[in-house]
Amino acid sequence: MTTNTSATTTTTTTTARIDFAKSAPKVFRALVGFDAAAREGLDPALVELIQIRASHLNHCAYCLHMHTNDARKAGETEDRLHMVPVWREASHFFTPREQAALALTEAVTLVADKGVPADVYEEAAAHFDDQELAHVLSLILTINTWNRVALSTAKVAGTDERRR
């Protein structure tokens with residue numbers, strides 16, 4: 001693959017990497033189970049918004065493509081999908097509950113920057129009961145793990161291989 005940026009041209013060769021699901025099937029199944037358990041009781045639209053925002057932050061094109069398509073299939077609007085990366089500036093597109101989840105998603109995804117600020121956590125706790133909050137946190141953890149698996153194994157956007 002050749003990338004042309006301004007005056008320089010760089011060549012990046014993608015070599016075959018492991019198939020995570022085949023190479024570590026028990027780990028893969030455990031992660032699928034964790035992901036399924038995390039989603040329980042959460043609104044599917046909220047699930048997709050969380051996954052989309054984390055995937056943006058992690059620069060995971062594979063997961064971003066997958067979850068924006070899933071969100072569309074679940075009835076999400078193009079307007080809202082386009083506003084996820086700039087949700088603070090377009091807050092009127094999102095409910096206060098969704099905004100709290102997006103803020104928590106950012107804090108947990110970027111935890112190395114400044115931890116999870118108390119005000120972000122408290123705002124999320126004001127919108128979710130303890131069980132829901134635990135599920136939101138679990139979902140954020142799973143999508144961050146999926147992003148890292150996809151990036152580490154060089155998954156290609158548009159090649160959703162989930163078995164249905």
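Which residues of the largest nonpolar core touch the most other members? They are Ile50, Phe94, Leu104, Phe128, Val136, Leu139 and Ile140, out of 25 residues in that core. Here a nonpolar core is a set of buried Ala, Val, Leu, Ile, Met, Phe, Trp, Tyr and Cys residues joined through side-chain atoms within 4.5 Å. Buried means under 20% relative accessible area, exposed means over 50%, and partly exposed is in between, with a 1.4 Å probe and protein chains only.

This is a predicted model, where local features need pLDDT of at least 70 and side-chain atom pairs count only at pLDDT 80 or more, while totals for chains, interfaces and linings use all residues. Residues are numbered from 1 along each chain as its sequence is written, and side-chain values use heavy atoms, with hydrogens and water left out.

**The overall layout**

- The protein has 9 helices and 2 strands; these are DSSP runs numbered from the N terminus, with helices being H or I of at least four residues and strands being E of at least two.
- The protein has 164 residues, and 37% of them count as buried.
- Take the contacts between residues at least 6 apart in sequence: 64% of those join residues at least 24 apart. Contact means heavy atoms within 4.5 Å.
- The accessible surface comes to about 9,500 Å², and 57% of that belongs to carbon and sulfur atoms. Areas like this come from the Shrake-Rupley method with a 1.4 Å probe, and for residues, only the protein chains shown count as cover.

**Inside the protein**

- Phe128 is in contact with Leu46, Arg97, Ala101, Leu133 and Val136, if you skip its neighbours within four places in sequence.
- Arg80 sits in helix α5 (residues 78–83), and it counts as buried because its relative accessible area is 14%.
- Skip the neighbours within four places again, and Arg80 is in contact with Leu49, Phe93, Phe94 and Glu98.

**A pocket to look for**

- The second largest pocket has a volume of about 170 Å³.
- A pocket is found on a 1 Å grid over the protein atoms alone, as an open set of points where a 1.4 Å probe fits, with protein on both sides within 12 Å along at least five of seven lines; lining residues have an atom within 4 Å of a point.
- Grid points are joined across faces, edges and corners, and the volume is the space filled by probe spheres set on the points.
- Its lining is made up of Arg88, Ala103, Glu106, Ala107, Leu110, Asp113, Lys114, Gly115, Pro117 and Val120.
- By type, the lining divides into 5 nonpolar, 1 polar and 4 charged residues. Ala, Val, Leu, Ile, Met, Phe, Trp, Tyr, Cys and Pro count as nonpolar, Asp, Glu, Lys and Arg as charged, and the others, Gly among them, as polar.

- Most residues other than glycine have a negative phi.
- His59 has a positive phi, near 60 degrees, and is not a glycine.

- Asp19 is in the loop between β2 (8–11) and α1 (20–23). Its C-alpha atom is 10.0 Å from that of Val149, and the two are 130 residues apart along the chain.
- Ala45, in helix α3, is 25 residues from Asp70 in sequence and 9.3 Å away in space, C-alpha to C-alpha.
- Ala74, in the loop between α4 and α5, is 29 residues from Ala45 in sequence and 6.9 Å away in space, C-alpha to C-alpha.
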